[in-house]
Amino acid sequence: MPDLILDVIRHGEPVGGSRYRGSGTDDPLSPVGWDQMRDALGTSAPWDGIISSPLSRCRQFAVDLAARHGLPLVVDPDLIEVGMGAWEGRDRVAVAREDPEDFAAFYRDPVGQRPLGAEPLERLAARVGEAYRRYCEQHPGRHLLIVCHAGVMRALVGHLLGADARRWYRLRVDYAGLVRIRHGAFGPSIEWFNRARLDRASRSD
């Protein structure tokens, strides 16, 4: 049977500047964000279907892409961004200036020193891992595009590598950054990470 291929893309730049956007902040894409995603994916559509986070910065682009190419679309709540609790919607520079001790503690230990009310990374890992299991079970041999968030992408890669959640924040994920995962007979492999554009030569894989 052919391998399952997952092309995973982070949303582009949202409106509102640099701030903590988790599950409770639903900013749409800016015009720049739309351009970033269109440029990253190009004009072809090699996928059998699209799966998206329910948040508008992912879902609106996924709906538009699916409609343009006649692809089935599934909105999966397990792909929603990690909740940031008391930091939801706050400017990053302001948090660092106003709460320097909490800010430093979070980046030293993002598992044990989360913002008040933030979703535990263990919970994020569990729902993202369950989503991946479902995709492998329900879509063997397919080529899917997943539109989601930096936190979800870090959790997915961490899950596949068996990496401790404290290490996830060492992974940089740019706006419209791409990850390709291939799941074959011997399990998953990460073919590339944080790519700026889909390789046109690999579209028929």
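Modeller: Gladly. This is a predicted model. By the rule used here, there is 1 cavity of 30 Å³ or more.

Colleague: What volume does the largest cavity have?

Modeller: The largest cavity holds about 60 Å³ of space. A cavity is a set of points where a 1.4 Å probe fits but cannot get out.

Colleague: Which residues line the largest cavity?

Modeller: Among them are Leu-6, Val-8, Leu-79, Val-128, Tyr-132, Cys-148 and Leu-156. Two or more lining residues come from each of β1 (4–10), α5, β4 (143–148) and α6. The largest share, 4 residues, belongs to α5.

Colleague: What makes the lining of the largest cavity nonpolar, polar or charged?

Modeller: Check each residue against the classes. Ala, Val, Leu, Ile, Tyr and Cys are among those that count as nonpolar. The lining of the largest cavity has 11 nonpolar residues, no polar and no charged ones.

Colleague: How do the lining residues of the largest pocket divide by class?

Modeller: There are 9 nonpolar, 3 polar and 7 charged residues in the lining of the largest pocket. Arg and Glu count as charged, while Ala counts as nonpolar.

Colleague: What about the second largest pocket, and which residues lie nearest its centre?

Modeller: The second largest pocket has a volume of about 170 Å³. Of its 14 lining residues, Ile-50, Ile-51, Val-74, His-139 and Leu-144 lie nearest the centre. At least two lining residues come from each of β2 (49–52), β3 and α5 (121–138). By class, the lining of the second largest pocket has 7 nonpolar, 3 polar and 4 charged residues.

Colleague: On to the strands. In what order do they lie in the sheet?

Modeller: The open sheet has 6 strands in the order β3-β2-β4-β1-β5-β6. The pairing is mixed.

Colleague: Why are β3 and β6 called edge strands?

Modeller: Look at their partners. Strands β3 (73–75) and β6 (187–195) each pair on one side only. Neighbouring strands of this sheet are turned by 20° against each other on average, direction ignored.

Colleague: How do you know that β5 and β6 pair?

Modeller: Count the bridges. Pairing takes at least two bridges between strands. Strand β5 (residues 178–184) is joined to β6 by 6 bridges, so the two pair, and they run antiparallel. Leu-178 stands opposite Arg-195 in β6.

Colleague: What makes the phi of Ala-176 worth a look?

Modeller: Most residues other than glycine have a negative phi. Ala-176 is not a glycine, yet its phi is positive, about 60°. Ala-176 sits in the loop between α6 (150–161) and β5.

Colleague: Where does Asn-194 lie?

Modeller: Asn-194 lies in strand β6. Asn-194 also has a positive phi, near 60°, and is a residue other than glycine.

Key: Residues numbered from 1 in each chain as written. Predicted model: local features only at pLDDT ≥ 70, side-chain atom pairs only at ≥ 80, totals over all residues. Heavy atoms only, no water. Axes fitted to C-alpha atoms, helices over the stretch in contact; angles between N-to-C directions. 1 Å grid on protein atoms, 1.4 Å probe; cavity = no way out; pocket = protein on both sides within 12 Å on 5 of 7 lines; lining within 4 Å. Points joined across faces, edges and corners; volume = space filled by probe spheres on them.
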